[in-house]
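Here are some notes for a first look at this structure. Please keep the model open while you read.

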Amino acid sequence: MGLMFKGSFDDLATRLSPLDGEWDETQQDRKVFRLDGGIMNWFEPSGTISFQGKQKGKSLLESKVPELINKSEKSNGLQERIHQLVDAVSDGMFEREEIIAVSLLGALCGQNTFLFGPPGTAKSLISRRIACAFQRPTYFEYLMNRFSTPEEVFGPVSIKALKEDQYTRKTEAYLPKAEFAFLDEIWKSSPAILNTLLTLINERVFRNGEVVERAPLKALIAASNETPEANQGLEALYDRFIIRLLVGPISQGENFDRLLNSKPTDADIEISEDLVVKPDEWKEWRSQSQDVTLSPETLTIIHLIRSSLAEKSDELEVYVSDRRWQRAAMLMKASAFFNGRGETNHSDAVLLKHCLWTREDNRHAVIGLVENALREAGFDSGFNLAEMDKSKDDLDKEINHELFHTADVYETKLLNEKEYFFFKADFKVNYSAYKESKKLYVPRVKLKSKQKFHPLDARGNKQEDVWCKFDGQGTCSVSLNDEYHYRYASQTVECTPKILFRKGDKKQDINIRLVESLSNAVGDLKKELEEILRQVESKSRDYQKVLSSPFISEADIQLVLSGITEQIDSLKLRIKDCERLEELCR
């Protein structure tokens, strides 16, 4: 039997998106996918798939399409399994679903988690539930205090070994032999314990006397109601906890009432055999997740966040080490893998809000920076929008400068090679119906001045008996000296320069080739923007389905979608502005 696909067209398009080919939906009886001269025909009613076209492209499609379809089927099964596993582990844990999901993701990819919050918020219960998701794990738990000794965490010193002049700990049932561990009130512990933890949780090794033992630790969860104080030498250890989650009291009244009416929540729960994570699966998944690539969008988000953190470094006092960025990238890749993708997307980048804050007083600000970056990033189009915006602004300026008057153009006369306004000021004679006119030449340069000055006559001589003064709005008051008050009924008249072309009026006799050149440049820019819009709108179709993840909330998905909507609206505005410029060139 040939290749078949019985799903929807949108689902098929999503599965084949890594091939970056082109779809043709114009055929009535089938959907056509083209890539490098190869053609794939999908007949939707029957689900049949056939291949044709140039041999190179056809062979590529024949090898890649079945692989992507089958891989997607397997990936969808894994995504559904993780969804069910999160639901099973979260059962009865009110308002803890996202915390459990992210902590579980950390355990699945070997990352450590720090739970920050007041006592009585189920931090230890969360850790025990996470361990239940794995098949028969060795688990260690301890409540730290300032009197804790290394023996209580790493195991007692072997008396038998001491007699043989060897300093060795009996580590069975202690942290060095645990696959999962929970250390409560970790910062209250002694320096001797914390320094040993530094190597154990990062390198997964424990120096037991003269022997270096491999620690089977998959994930360590620590908890405290405070973050480590500055200058206490705890920065390196704190940096090993890539995931940092706030665990607060239940906030919704309905959930609080459900808590009061429910039985005490069990820490040890039975997870069905088909959901529980087996040791070989954990190892295989962790390896496969490293093959996931960071998408251009994810890298854009990371760079936006790094830039914002650098700008506000003095205010926030947040330092993100290269190690933390690398481990955060591993977390995002794992998120993509468990959601059935070979490349990260915006939903995986949401997890950065759990990785970058350091103290309670900068947590909200850092999360805000991450959310702003998610909104600003949009889809990567491969085009430099900043360059295109600059080109559009330059064209706008050139069009307005070359084709339109940038200021009012006045009727003037040349006198001594300088521009002058010519006014004929009519003064009414006393006790008469007659008017006497004075012909004045007023300097063009005085238009914006508010100082009094004498005009010139036709020969360029200053008329001492007349004063002129502009009001700053284009009107000139012409007045006579006081000795003329006996002759004229009015000693002041107003004159206004004649405007030939107002600012914004189109110029006459414009070079046709220049107009065509500017119009073509705008048209080319518009086509590029339309291509970007086409790509972004194509990617955005059904993107909400791809964003679905057990590790983030619905509110985070809507945040990402709002940023993409803003990007689409922004592109449409740019195209509309190009249409405005095209209209100016007509």
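**Notes on one helix, a loop residue and some salt bridges**

1. Start with helix α7, residues 191-203. The helix has 13 residues and reaches 19 Å from its first C-alpha to its last, close to the 18 Å expected at 1.5 Å a residue. Keep in mind that this is a predicted model.

2. Which residues of α7 are buried? They are I193, L194, L197, L200, I201 and N202. An α-helix has 3.6 residues a turn, so residues three or four places apart point the same way.

3. The buried residues of α7 have several packing partners. Among the helices, they pack against α5 (150-154), α8 (235-239) and α13 (322-338). The strands they pack against are β7 (180-184), β8 (205-208) and β10 (219-224). Just after α7 comes R204, with a positive phi of about 60°.

4. Now look at Q290. This residue sits in the loop between α10 (279-289) and α11 (296-311). Is Q290 buried or exposed, or partly exposed? Its relative accessibility is 36%, so Q290 counts as partly exposed. Leaving aside residues up to four places away in sequence, Q290 touches M330 and K333. Q290 and S262 are 28 residues apart in sequence, and their C-alpha atoms are 41 Å apart in space.

5. Next, the charged pairs. Side chains of opposite charge can pair when their charged atoms come close. The count here comes to 29 salt bridges. One of them joins R169 and E151, at 3.3 Å from N to O. This pair links distant parts of the chain: R169 is in the loop between α6 (159-163) and β7, E151 is in helix α5, and they are 18 residues apart. R169 is buried, at 12% relative accessible area. E151 is partly exposed, at 28%.

6. Another salt bridge joins D389 and R574, at 2.7 Å from N to O. D389 lies in helix α16 (residues 385-403) and R574 in helix α19 (residues 554-584), so the pair ties together parts that are 185 residues apart in sequence. D389 is partly exposed, with a relative accessible area of 22%. R574 is buried, with 17%.

7. K392 and D577 also form a salt bridge, their closest N and O atoms being 2.9 Å apart. Here K392 is in helix α16 and D577 in helix α19, 185 residues apart. K392 is buried, with a relative accessible area of 10%. A network of salt bridges links K392, D396, D577 and R580.

Methods. Residues numbered from 1 in each chain as written. Predicted model: local features only at pLDDT ≥ 70, side-chain atom pairs only at ≥ 80, totals over all residues. Heavy atoms only, no water. Helix = DSSP H or I, 4+ residues; strand = E, 2+ residues; numbered from the N terminus. Buried < 20%, exposed > 50% of the residue type's maximum accessible area, 1.4 Å probe, protein only. Contact = heavy atoms within 4.5 Å. Expected span 1.5 Å × (residues − 1). Salt bridge = Lys/Arg side-chain N within 4 Å of Asp/Glu carboxyl O.
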